Amino acid sequence: MDKPSLLYFGADAPWPDLLKNGFSRRNTNLLKCFAESKAYSQVVSVHPVTRAQILRIIFSHKKAVGQVKDVFVAGFFPEKFNFAVFKHINHLLFLIQFWAQGVRQFNKNNNILFCYWPKGYKLCRKIQLNGKLVFDTDHNIIHDENLNPNQLMAQEQLLLDAGKHSCCIVSSTRSMLSWYHDKGYKNTFRLRNGISTERFDTIDIITKKNERPLIGYIGTVSKWIDYDAYEMLIRRNPQWDFAIYGPVYKSQQYKRFESYPNVLFKGPIKAQQVPEVIATFNVALNLYRNEPWLDVDSMKLYEYLAGHVPVVSFNYHSYLTEDFENLLYVVDDVSEMEKAINELLLRPMPLGGFSSFINKSTWAKRVETLNHEILNK
């Protein structure tokens, strides 16, 4: 049997931009490994554009070079025109747009339609291609603190609709898959996050030269962080510097740290910069709150370990020690966190202790297991 195509809905940017800026999120790492897996005859990344843009894109179309083919699509009738005739015309126009951009074999029953997050799923359903739909929620998005009650209700309806149309529902969190199980959907698969080890291969594991111990955090500065505990740790330990790298997302609580002279706000960094930044940390922190729905399989934990930096983490879910094979220093409160950091500063971890776990946690291995799951359904 011919290899299927994989059509990807939910990439952050076109392929050339990802190659330039790096693969920093779950969705982009998965796309990269799908393209490298050799399991598919082609990998096509589908992007929505406006009606004004699509004709210019088609007429200026150049033959794609690279592992992933970008296709841009636009509907010609607004979604409020929901009569069958308008949907049918839109569908035909979508097919023409694929053909006009040089893509073939995109509407076969054995193809994989991989949809990341609700946005990717909605685009896929709008186009209505044939194929086996795989829906990736990433983490638990049914308990999203950033959504108001009406938005949460709409999110639930979308997730249920995705469950009905998917051959496989994917998430990194047990709580999201348990929610689907409780709703009667058993077509689930836990796909953990991972690491691209090649990003760390060129970084020398340096001996820390900091004048003062540097306790680092790298990741999104969001509502998931236990800011009260973090502030207590900072206030009680003026002898340490605390570096914070990453974008701010819908939370201003970080501003409480601005008055502390031992807090260094560094802001967002590119994916390529992450290894060299982590290498400057004496100890790395994970500061998530303990919530039943916040069982995140945090990518930062893999990156810390790949950078050979000891990790102290709040015990934010009950499988944390098991998932990371007892490699993290898991603590329950600030006093325990202080004690663990002090011990690590006095007795640094030997190099190479994390290699076995990291080598079996690559994105390539994650995609290999997922391919086996979805191609055999």
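1. A friendly start with burial: 51% of the 377 residues in the protein are buried, where buried means under 20% relative accessible area with a 1.4 Å probe and protein chains only. Please keep in mind that this is a predicted model, in which local features need pLDDT of at least 70, side-chain atom pairs count only at pLDDT 80 or more, and totals for chains, interfaces and linings use all residues. Residues are numbered from 1 along each chain as its sequence is written, and side-chain values use heavy atoms, with hydrogens and water left out.

2. On overall dimensions, a compact globule of 377 residues would have a radius of gyration near 21 Å, and the 22 Å of the protein agrees with that. The radius is taken over C-alpha atoms, and the globule rule is 2.2 Å times the number of residues to the power 0.38. The C-alpha trace spans about 70 × 45 × 40 Å along its principal axes.

3. The protein has 15 helices and 13 strands; these are DSSP runs numbered from the N terminus, helices being H or I with at least four residues and strands E with at least two. Of the contacts (heavy atoms within 4.5 Å) with a separation of 6 or more, 68% are between residues 24 or more positions apart.

4. Now to helix H6 (residues 149-165), which packs against helix H7 (residues 174-182) at an angle of about 75°, with the axes 11 Å apart. Axes are lines fitted to C-alpha atoms, for helices over the stretch in contact, and angles run from 0 to 180 degrees between N-to-C directions. H6 and H7 are therefore roughly perpendicular, the class for 65 to 115 degrees. On the H6 side, Glu156, Leu159, Leu160, Ala162 and Gly163 meet Met176, Trp179 and Tyr180 of H7.

5. H6 also packs with helix H5 (residues 117-127), at about 55° and with axes 11 Å apart. That makes H5 oblique to H6. Pro118, Tyr121, Lys122 and Arg125 of H5 make the contact with Gln155, Leu158, Asp161, Ala162 and His165 of H6.

6. Finally, the axes of helix H9 (residues 227-236) and helix H13 (residues 334-346) come within 10 Å and cross at roughly 50°, so H9 and H13 are oblique to each other. H9 contributes Ala229, Met232, Leu233 and Arg236 to the contact, and H13 contributes Val334, Ser335, Met337, Glu338 and Ile341.

How values were computed: Parallel < 35°, antiparallel > 145°, perpendicular 65-115°, else oblique. Buried < 20%, exposed > 50% of the residue type's maximum accessible area, 1.4 Å probe, protein only.
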